[in-house]
Amino acid sequence: MGLPKNIVIGSHVWVGDPELVWIDGQIINVNGEEAEIQTSNGKTVVANLSKLHPKDMENPEGGVDDMIKLENLHEPGVLHNLATRFKINEIYTYTGNILIAINPFQRLSHLYDASMMKRYKGAPFGELGPHVFTIADVAYREMINEGKSNSILVSGESGAGKTETTKLLMRYLAYLGGHTAAGGRTVEQQVLEVSWMI
Ligand SMILES: Nc1ncnc2c1ncn2[C@@H]1O[C@H](COP(=O)(O)OP(=O)(O)OP(=O)(O)O)[C@@H](O)[C@H]1O
């Protein structure tokens, strides 16, 4: 059997690593189904060709803001893109119309201040960088345009940031909802009171 179509001697690939999960490297030799790879941390490892994934070499240095822009969509490519963006404090990345958020475990207040809410209000999807406000904005507008209830699903493992993300969504929806007072409390106050219970 020949080599997989896009993996040949000289190809840049991702190979499994016991410590780093995935490491990138270059194929220096192939013997039957086994490839010899020179990894970027200076080791030479042998792996079955079927376990390798091609590495994108054309991606921008800071990664791509939507996974659909990756040349090859596979686990190491996705993880590498998220890690690259995270290093420059870009905690949000799209996969189509789904938003992936990586918990920064630090306050990034500039991401959520009043000027950001203003910028994201009504901005078409994809016009500005990936953000939790876009998800809320699109959901809100669809609700208004279609005259039907809408929902946003927030999922992730424990500690991933679901509660924090939900609070941000609520804060933005409260901002969109305006300031009409009802029962002595503004819409914003009422929505934020809900988020304290989450
Ligand atoms: N966008 C963010 N910016 C700053 N800190 C964040 C952000 N998202 C999460 N965190 C912080 O990470 C910690 C865990 O987040 P959070 O409580 O939202 O996780 P969770 O997914 O709701 O967890 P659990 O499922 O265990 O309740 C919190 O201390 C929170 O302040």
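Which residue in β3 does V30 stand opposite? In this predicted model, V30 stands opposite A35. Local features are described where pLDDT is at least 70, side-chain atom pairs count only at pLDDT 80 or more, and totals for chains, interfaces and linings use all residues. Residues are numbered from 1 along each chain as its sequence is written.

**The strands**

Helices (H or I, at least four residues) and strands (E, at least two) are DSSP runs, numbered from the N terminus. Two strands are said to pair if DSSP finds at least two bridges between them. Five strands form an open sheet in the order β4-β3-β2-β1-β5, and their pairing is antiparallel. Its edge strands, each pairing on one side only, are β4 (44–48) and β5. A separate pairing, also antiparallel, links β6 with β7. These two strands form a hairpin with two residues between them, and G96 in the turn has a positive phi of about 65 degrees.

| Strand pair | Bridges | Opposite residues |
|---|---|---|
| β2 and β3 (residues 34–39) | six bridges | V30 and A35 |
| β6 and β7 (residues 98–101) | four bridges | T95 and I98 |

The UniProt record, an unreviewed entry, annotates residues 8–57 as "domain: Myosin N-terminal SH3-like"; such annotations may be inferred rather than shown by experiment. Over residues 8–57 the chain is 0% helix and 60% strand, with the end C-alpha atoms 15 Å apart.

**Helix α1**

Helix α1 (residues 75–87) has 13 residues and spans 18 Å from its first C-alpha to its last, close to the 18 Å expected at 1.5 Å a residue. The expected span is 1.5 Å times one less than the number of residues. A residue is buried if 20 or more other C-beta atoms lie within 10 Å of its own, exposed if 12 or fewer, and partly exposed in between. In α1, P76, G77, N81 and R85 are buried. They lie on the same side of α1 because they cover an arc of only 160 degrees around the axis, taken from the directions from the helix axis to the C-beta atoms. The face turned away from this buried side carries the exposed residues E75, A83 and K87. The buried residues of α1 pack against β1 (12–17), β2 (21–31), β5 (53–54) and β6 (92–95), where contact requires C-beta atoms within 7 Å. Just after α1, N89 takes a positive phi of about 60 degrees.

**The loop residue L128**

L128 lies in the loop between α2 (114–120) and α3 (132–146). L128 counts as partly exposed because it has 15 C-beta neighbours inside 10 Å.

Methods: Two residues are in contact if their C-beta atoms, placed from the backbone, lie within 7 Å.
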